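Biologist: Hi! I'm new to this one, could you walk me through it? Please put it on screen and I'll ask as we go.

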Amino acid sequence: MKILAIGEIIFDIFNGEAEIGGAPLNFCSHCAALGAESALISAIGNDNLGTRALNELENFGVDTQFVQKNDFPTGQCIVTIENGSPKYNVLRPTAYDKICESDAKLCADVFAFGTLIQRDNQSRNATENILKNGNFKEIFCDINLRKDCYDADSCRLCLENATILKISDEEEPLLHGFGLYENKTDEKSNITSICNSFGNIRIVLYTKGENGSVVYDRTNNEFYEIPAVKAEIVSTVGAGDSYSAAFLCEYLTSGNIRAAAEAGARLSAFVVAHRGAVPKA
């Protein structure tokens, strides 16, 4: 199973301490821990954090052959926790904003991307080039809306290309605010409205924190209600990324949507009970 993602390498700064993160990095690291071959397309600066990032990726078992270097600083995000939920201040410009396009014809079982990597035109163009020229069985998009780091175009690129889409109950109102699909009166109707507007989307993962998740299988027009696994919450940073990784690794192996969503719930419960987005078992 080959997983390829493009996106940010960010050090999350908790009270002055640097913890490596970034949604695609967390996602790839969890996929590697689950036995997949995972690789990350990103960029780091010629600085100490960049060197540390490469070491950490290698320790996580993530392939670094597509990690570029440039003269911008390695990404940082100031994270504060309010009522158990993370708040983000993503600094800019940083190295991952300036990923250079490649002529390589990439292939994988899954190609994953989101909105943050598109906040700068250079990295957005690199993402679009991969989508145009790559060969992927599934395209996974975690919308991951970060304040001042997304727009209608970045959301549209996700919706127009994803075969599997992940959104949260907090993000969906922001997403439909762009008028990309018809707004309905309840969550399930909004999920089907997204799929009706974007025929490429076959599966929607709709996460609701402590209230679990809803997974929609468009092919069979079936909803799966997945309860959250109880856990003592330390931090929710990276919980969604672990859910995504566990879901995809199980789904690609078994094709069982319910089993995949339950695997996501279990792994995310483990993550929220620890500090750090990729805690070791």
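Predicted model: local features only at pLDDT ≥ 70, side-chain atom pairs only at ≥ 80, totals over all residues.

Biologist: How does the radius of gyration fit with a compact globule?

Modeller: A compact globule with 281 residues would have a radius of gyration near 19 Å, and the protein has 17 Å, so the two agree. Along the principal axes, the C-alpha atoms fill a box of roughly 50 × 45 × 35 Å.

Biologist: Let's go inside. Which residues have the most contacts in the largest nonpolar core?

Modeller: That core has 89 residues, and those with the most contacts inside it are Phe27, Phe113, Leu165, Ile201, Val215 and Phe247. Helix H7, residues 239-254, gives the most to this core, with six residues.

Biologist: Pick Leu165 for me. What does Leu165 touch?

Modeller: Leaving aside residues up to four places away in sequence, its contacts include Cys141, Ile143, Leu159 and Ile194. Leu165 also touches Ile201, Ile203, Val204 and Leu205.

Biologist: New topic: strand E4. Is E4 mostly covered or mostly uncovered?

Modeller: Mostly covered: E4 spans residues 37-45, and eight of its nine residues are buried.

Biologist: Which strands pair with E4?

Modeller: Strand E1, residues 2-6, runs parallel to E4 and is joined to it by five bridges. In that pairing, Lys2 stands opposite Glu37. E4 also pairs in the parallel sense with strand E5, residues 67-70, over four bridges. There, Ala43 has Gln68 of E5 as its bridge partner.

Biologist: What do E4, helix H2 and E5 make together?

Modeller: They make a right-handed β-α-β unit, with H2 covering residues 48-60.

Biologist: Why does Val237 count as buried?

Modeller: Because its relative accessibility is 3%, and buried means under 20%.

Biologist: So what does Val237 touch?

Modeller: Beyond residues up to four places away in sequence, Val237 touches Asp12, Phe14, Val79, Ile81, Pro86, Tyr88, Val271, Gly276 and Ala277.

Biologist: And across the protein, what part of the contacts with a separation of 6 or more comes from residues 24 or more positions apart?

Modeller: Those residues account for 66% of such contacts.

How values were computed:
Residues numbered from 1 in each chain as written. Heavy atoms only, no water. Buried < 20%, exposed > 50% of the residue type's maximum accessible area, 1.4 Å probe, protein only. Helix = DSSP H or I, 4+ residues; strand = E, 2+ residues; numbered from the N terminus. Pairing = 2+ DSSP bridges. Right-handed = clockwise from strand over helix to strand, strands pointing away. Rg over C-alpha atoms; globule rule 2.2 N^0.38 Å. Contact = heavy atoms within 4.5 Å. Core = buried A, V, L, I, M, F, W, Y, C linked by side-chain atoms within 4.5 Å.
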